[in-house]
Amino acid sequence: MASEEDVRAALMRIVDPARGTDLVSSGQVSSLSIADGVVSFVLEVDPARAASLEPLLQAAKTEVGELPGVTSVSAIMTAHAEAGQAKPVAPKTPVPDLGLKDFTPKPKAPAGPEKLPGVKHVVAIASGKGGVGKSTVSANLAVALAARGLKVGLLDADVYGPSQPRMLGVSGRPSSVNNIILPLRNHGVTVMSLGFMVEEEEAIVWRGPMLMGALQQMLSQVQWGTLDVLLVDLPPGTGDVQMTLCQKTAVAGAVVVSTPQDIALIDAKKGIDMFKRMETPILGIVENMAAFVCDGCGKMHHPFGHGGAKSEAEKQGVPFLGEVPLYLSIRTAGDSGAPIVAAKPEGEEALPFWSIADSLIDTLEKIE
Ligand SMILES: Nc1ncnc2c1ncn2[C@@H]1O[C@H](COP(=O)(O)OP(=O)(O)O)[C@@H](O)[C@H]1O
Ligand SMILES: [Mg+2]
């Protein structure tokens with residue numbers, strides 16, 4: 001069975017003719033791992049040379065694939081890490097095959113965030129921690145914005161638990177033509193999700209450059225078409241995906257979802273701070289699961305107090321977009337593939353989402 005050393009030795013036999021050095025000596029190979037006969041690694045390249053290096057990547061895959069005990073080779077190219085950036089962490093499992101043969105970024109490395117062609121506004125939906133309803137809010141906002149006549153895309157970038165395939169009732173593997181992925185569509189929303197590419201359990205171990213490569217591919221190698229808004233359902237917290245999105249792509253702003261508990265607000269604050277540091281405007285805070293209506297007495301209860309998120313928003317000087325109570329039907333609608341805004345557009349449960357969508361439209365119109 002081939003060891004990491006063997007794989008490195010194989011990669012040293014691949015020489016980049018333009019530089020006269022092999023892939024290992026030039027320091028281009030990272031995140032090398034072997035698991036159950038599957039070898040995965042990342043080739044860090046100068047984005048300007050990505051297309052011309054494709055044959056080298058193929059040669060490297062063939063060379064490694066011929067080692068004893070290797071059943072498959074998963075390798076991708078990413079733009080090389082810039083000086084001072086943390087070293088990528090090796091993935092614990094093989095890189096999922098996104099079905100894309102080439103990684104062909106723009107010829108020149110962008111100096112700053114780049115506008116996504118054809119997309120008017122990219123809006124990040126973020127939260128300090130998981131389980132606060134970020135995906136629920138993303139799905140309902142997307143459907144509501146589409147119902148208001150906007151052309152809407154939803155990019156599910158939550159590598160820890162892509163949930164949009166389930167929430168928007170879209171499944172299957174999108175097809176690709178000439179290395180451009182054709183996204184799926186439902187409820188008037190164009191959807192792309194890591195969940196289309198990998199099993200839910202698999203997604204959790206994505207790290208570092210794999211993640212960035214996948215995020216970049218989902219932004220730039222998906223045929224989004226002309227969009228008014230592209231919502232990006234981010235993973236929770238303030239990690240690489242959030243930073244990369246803001247650094248590389250022109251983001252109109254972020255919507256931060258929080259639950260009313262103090263601790264969630266502390267987490268939300270970290271998220272807000274990160275976006276401020278990245279100079280990404282905060283479009284507003286959404287307070288989710290703020291209250292519940294009692295089955296017995298029919299009254300609205302606020303078990304965690306009322307107004308916490310709103311006053312926090314004021315303190316932070318960011319807009320408060322609205323609050324969404326906890327309704328069983330919001331959860332069951334999400335689980336069944338038709339968000340409440342689509343399943344019961346006239347219902348009281350859908351009202352907060354309509355109002356948040358309308359506020360968002362107002363805000364985005366001012367940005368133009
Ligand atoms: N307002 C709400 N009322 C009822 N259930 C909700 C509400 N918001 C979210 N949920 C449920 O809570 C769970 C976590 O929400 P989700 O949107 O997946 O959170 P996140 O994306 O932040 O991890 C899901 O089962 C979802 O259906
Ligand atoms: Mg989610």
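Which residue, with a positive phi, follows α3? In the predicted model described here, local features require pLDDT of at least 70 and side-chain atom pairs count only at pLDDT 80 or more, whereas totals for chains, interfaces and linings use all residues. Residues are numbered from 1 along each chain as its sequence is written, and chains are lettered from A and ligands numbered from 1 in the order in which they are written. The residue that follows α3 is Gly 149, with a phi near 100°.

The protein chain contains 12 helices and 16 strands, where helices (H or I, at least four residues) and strands (E, at least two) are DSSP runs numbered from the N terminus. Of its 368 residues, 47% count as buried. A residue is classed as buried if 20 or more other C-beta atoms lie within 10 Å of its own, as exposed if there are 12 or fewer, and as partly exposed in between, with C-beta atoms placed from the backbone. Two residues are taken to be in contact if their C-beta atoms, placed from the backbone, lie within 7 Å. Among contacts in the protein chain with a separation of 6 or more, 77% are accounted for by residues 24 or more positions apart.

The largest nonpolar core comprises 105 residues, and those with the most contacts inside it are Ile 125, Leu 141, Ala 142 and Val 232. Such a core is a set of buried Ala, Val, Leu, Ile, Met, Phe, Trp, Tyr and Cys residues joined through C-beta atoms within 7 Å. Helix α3 (residues 134–147) gives the most to this core, with eight residues. At least three residues of the core come from each of domain 1 (4–79) and domain 2 (119–367), the bounds being those of an automatic or database domain assignment. When neighbours within four places in sequence are left aside, Leu 141 is in contact with Leu 231, Phe 353, Ile 356, Ala 357 and Leu 360.

Helix α3 has 14 residues and reaches 20 Å from its first C-alpha to its last, close to the 20 Å expected at 1.5 Å a residue; the expected span is 1.5 Å times one less than the number of residues in the helix. The helix is mostly covered, with 13 of its 14 residues buried.

In total, 17 residues surround ligand 1, the closest being Gly 133, Lys 134, Ser 135, Thr 136 and Arg 331. A residue is assigned to these surroundings if its C-beta atom, placed from the backbone, lies within 6 Å of the molecule. By class, the shell has six nonpolar, nine polar and two charged residues; Ala, Val, Leu, Ile, Met, Phe, Trp, Tyr, Cys and Pro count as nonpolar, Asp, Glu, Lys and Arg as charged, and the others, Gly among them, as polar.

Positive phi values also occur at residues other than glycine. Ser 31 has a phi of about 50° and lies in strand β3 (residues 29–35). Ser 31 counts as buried because it has 22 C-beta neighbours inside 10 Å. Met 289, with a phi near 55°, is placed in strand β14 (residues 282–293). Met 289 counts as buried because 24 C-beta neighbours lie inside 10 Å.

Several loop positions were also examined. Pro 235 is found between β12 (227–233) and α7 (240–248), and counts as buried because it has 24 C-beta neighbours inside 10 Å. Apart from residues up to four places away in sequence, Pro 235 touches Ala 157, Asp 158, Val 159, Tyr 160 and Val 241. Pro 235 and Pro 162, 73 residues apart in sequence, are 8.5 Å apart in space, C-alpha to C-alpha.

Phe 304 occupies the loop between β15 (300–301) and α9 (308–316) and counts as partly exposed, because it has 17 C-beta neighbours inside 10 Å. Excluding neighbours within four places in sequence, Phe 304 is in contact with Pro 260 and Gln 261. The C-alpha atoms of Phe 304 and Ala 291 are separated by 7.9 Å. Glu 279, in the loop between α8 (262–277) and β14, is exposed because 10 other C-beta atoms lie within 10 Å.
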